[in-house]
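Let us read a structure together, one feature at a time. Keep the model in view as we go.

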Amino acid sequence: MRKLFSIMGWRISESHPHLDKELSLIIKGCCIRKSDFKSSNAPIPFPQSSSCFNFIFQEPKHNLYTRIKIKIKDHFNKTTYQPTPFPLPVQLLLFLWHNNDSEWRGDCPECSKHRKGSIFGIGSGGLLSVGGIIGHCVFCHKRYFYFIGGGIVTVREHLEYSLRDTNIRVYNLKFGGCFRGEKEPVYYYLKKLGYTELPHEKWLGIKTSSAAEMSIKTKDGGSVSLTLQGTQP
Ligand SMILES: [Zn+2]
């Protein structure tokens, strides 16, 4: 089945027609400063509105788990750990981009003659029967889609398979929406590292719409937007 996906490859995404040169700069910065991101304990969100999933660390004693006291029936206080979910982190994308077994990196249909592997996956998700990875080409600055199929649950399984050798796990899924990653954390982290090839600061103020919204067309030609939220711990 995985081979079938790779034959279909990356296709242009019509839902995001404008060229996003700023995101190309951010992706390049993350790759160039890969070792700095790896040494950071805190997950740094990647700026995106494409991931229908958020994540947790697998180890319950990781510092991102909040130590809380819960009361049990016999009035003894028991200490337990509550996970703190986070949106798609740069550290996870760096792993997926540089793992040969992953579909999160691919050849652009327009640019592969000049440069191989210029598409970087920036989120995944789906709806009822369509699902896949949303990618960005750092050469032509366009958005692409890698079809996985089977809807959001299949995409979740695909993602979990890709994460099997990491300490990160999928936590929630959002049906008809995304777990947005804000622009500021990665921007200011790269700036703090002394990285200078960044977008203009005005870019931080431009909000992007979710790439995972659903609407239903009505008989009279109009449309009704629909947002459902599903949680699967
Ligand atoms: Zn391209």
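Q: Which residue stands opposite Tyr144 in E9?
A: Ile12 does. Note that this is a predicted model: local features need pLDDT of at least 70, side-chain atom pairs count only at pLDDT 80 or more, and totals for chains, interfaces and linings use all residues. Residues are numbered from 1 along each chain as its sequence is written.

Q: How do strands of a sheet pair?
A: They pair through backbone hydrogen bonds, either parallel or antiparallel. Strands (E, at least two residues) and helices (H or I, at least four) are DSSP runs, numbered from the N terminus. Two strands pair if DSSP finds at least two bridges between them. Here, strand E1 (residues 10–12) pairs with E9 over three bridges, in the antiparallel sense.

Q: How many bridges join strand E8 to E9?
A: Five, and these strands run antiparallel. E8 covers residues 131–137. Ile134 stands opposite Phe145 in E9. The hairpin of E8 and E9 has five residues between the strands, and His141 takes a positive phi near 65° there.

Q: Is strand E9 mostly covered or uncovered?
A: Count neighbours. A residue is buried if 20 or more other C-beta atoms, placed from the backbone, lie within 10 Å of its own, exposed if 12 or fewer, and partly exposed in between. Strand E9 (residues 143–147) is mostly covered, with four of its five residues buried.

Q: Why is Thr196 exposed?
A: Because Thr196 has 8 other C-beta atoms within 10 Å. Thr196 sits in the loop between helix H6 (184–192) and strand E11 (214–217).
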